[in-house]
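Me: I'd like to go through the labels on this model and see what each one rests on. Could you take them one at a time with me?

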Amino acid sequence: MSDPKVVRQLSYSAALQTVPEIAKSQHIMAESAAASTTNMDTILKELLAIRSSTSSLEHTVSTNTTEVQGLRNEVVKFQIYMQSTDARLSAVENLINKIPDNSQDIGYLQQKVIELEDRSRRNNLRITGLPEQIEKDNILDFLTTFLPSLMKMTFSQPLDFQRAHRVRSRGITLSTRPRHVLACCLRYQQARQIIMAAKKHGPYEYDSSQIIITADFSAPTNFKRKQFLNLRTRLKKREIKYGLLESATMIVTFQGKTKEYFDPHDLESFLNDLDDKDTEMEHKSTSNTDIIEPTPSIYAEDTDQGEWLPVQRQWTHGGKFKAWKKNHPRDKSRSPIKQ
C-alpha cells in the first residue's frame, strides 16, 4: 500500500503544475470572448448599414414605381390621343379623296389670268436706255415729240399717251444705267406701229446711248420668251426656221412641217431628241470599223470590160444540171471573153 502522504504530495505537485495552464487557458478564453464581442459589434454595425441601405433602396424603388405608373398613365393618354388623331386624319383623307382633281382647271385659270394681263398691257411701250432727267417735269409731252423725231415716223393721228412713268427695277441704280420707261398709248394701232418699226430698225442711237423700244409683257410671259430665245442658237445651228410670237409661242418649221410650241421645255426636249439621234448615228458610223471587201469576180479579166451576168447554177440531184444547161445555153454575145 502506498503512503497517504506521498500520494498527497504528488497530487499537490500536480495541482501546482496545472494552475498556470488553467490560467493560460482562461486568458485565452477571455481574449477569444473579447474578440468575439468585437466581431459581433462589427457584424451588428454592418447589418445596421445594410438595413439603412435597404430602406433607402426601398424608398427609391417606391419612388420609381410611382414615376413608372405616372409614365404609364401618360402613355395611355398619348395612345388615346393618337387614336383620335388617326381617326381625324382618316376623316380628312376621305374628304380629300372626295374632292375632284382641279389641277387642270387651276392651270387653265392661271393661263387665262396671264393672257388677260398681257392683253391689258397691249398698249404699253417699254423704253430702255432713255437717259435720266431728259424728260424734265412732263414725260408725256416729251414722249409725244421725242418718239416721232427719234424713229422718224409720221402718224395719221397725233401721238397721244394715257400715262407714262419710270420703273424702278430691282438691282438697278442710277449710277449703272437709266431706269426703264413705261408708256401707255391711247390707241392700240399706234402702239403696234411703233413696236413693229422698232423691231425692224433695232436699237436707236441718241446722245451716245442706245434706246430700245419693245412691247410690255407680264412676268411669266417674259420668262417664257427668254427661255425660247435661249434656244435660238441651237435652232440656227440646225438651220431650222423659227419665229417667236408675242404670246410666248415659238413656231418651228422642220422638214417641211410647222409646229407651235407653247412650252419651252417641249422645244428643248425636241432638240435633245435630235441631238441623241445624231450622236447615235455618229456612234454607229465610228464603231463600224469592219472593212467590207468586194466579192472577187469569177473572171479576173472582167474588170472594166462591160457587164456580164454568168449563168446561175441550179444544183439538183440526179444530174439534171447538164440537161438544164442544154435547154438554157449561155448568151455568149454578152460575154467579155474573146471567142
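Reply: Happy to! Let's begin with pairing: two strands count as a pair if DSSP finds at least two bridges between them. This is a predicted model, and five bridges join β7 to β8 in it.

Me: What makes β6 and β7 a pair?

Reply: Four bridges join β6 to β7 (residues 250-254). At least two are needed, so this counts as a pair as well. The strands run antiparallel. On the β8 side, I251 stands opposite E260.

Me: Why are β6 and β8 called edge strands?

Reply: The order in this open sheet is β6-β7-β8. β6 (241-244) and β8 (257-261) each pair on one side only, and that makes them the edges. From one strand to the next, the twist averages 15 degrees.

Me: Which residues in the two hairpin connections have a positive phi?

Reply: In the hairpin of β6 and β7, with five residues between the strands, A248 takes a positive phi near 60 degrees. The hairpin of β7 and β8 has two residues between its strands, and there Q255 has a positive phi of about 55 degrees.

Me: Why is R168 called exposed?

Reply: R168 has a relative accessible area of 53%. Exposed means over 50%, so the label applies. R168 lies in the loop between β2 (161-167) and β3 (180-185). Its C-alpha atom is 6.2 Å from that of R179, eleven residues apart along the chain.

Me: How do you know that the buried residues of α5 line one face?

Reply: In helix α5 (residues 219-229), T221, R225 and F228 are buried. Seen down the axis of α5, these buried residues fall within an arc of 60 degrees, so they line one face of the helix. The face turned away from that buried side carries the exposed residues A219, F223 and K226.

Me: And what share of the whole chain is buried?

Reply: Buried residues make up 20% of the 339 residues in the protein chain. To get that label, a residue needs a relative accessible area under 20%. The accessible surface of the chain comes to about 27,000 Å², with 57% of it belonging to carbon and sulfur atoms.

Methods: Residues numbered from 1 in each chain as written. Predicted model: local features only at pLDDT ≥ 70, side-chain atom pairs only at ≥ 80, totals over all residues. Heavy atoms only, no water. Buried < 20%, exposed > 50% of the residue type's maximum accessible area, 1.4 Å probe, protein only. Areas by Shrake-Rupley, 256 points an atom, 1.4 Å probe, with all protein chains shown as cover. Axes fitted to C-alpha atoms, helices over the stretch in contact; angles between N-to-C directions. Arc of directions from axis to C-beta.
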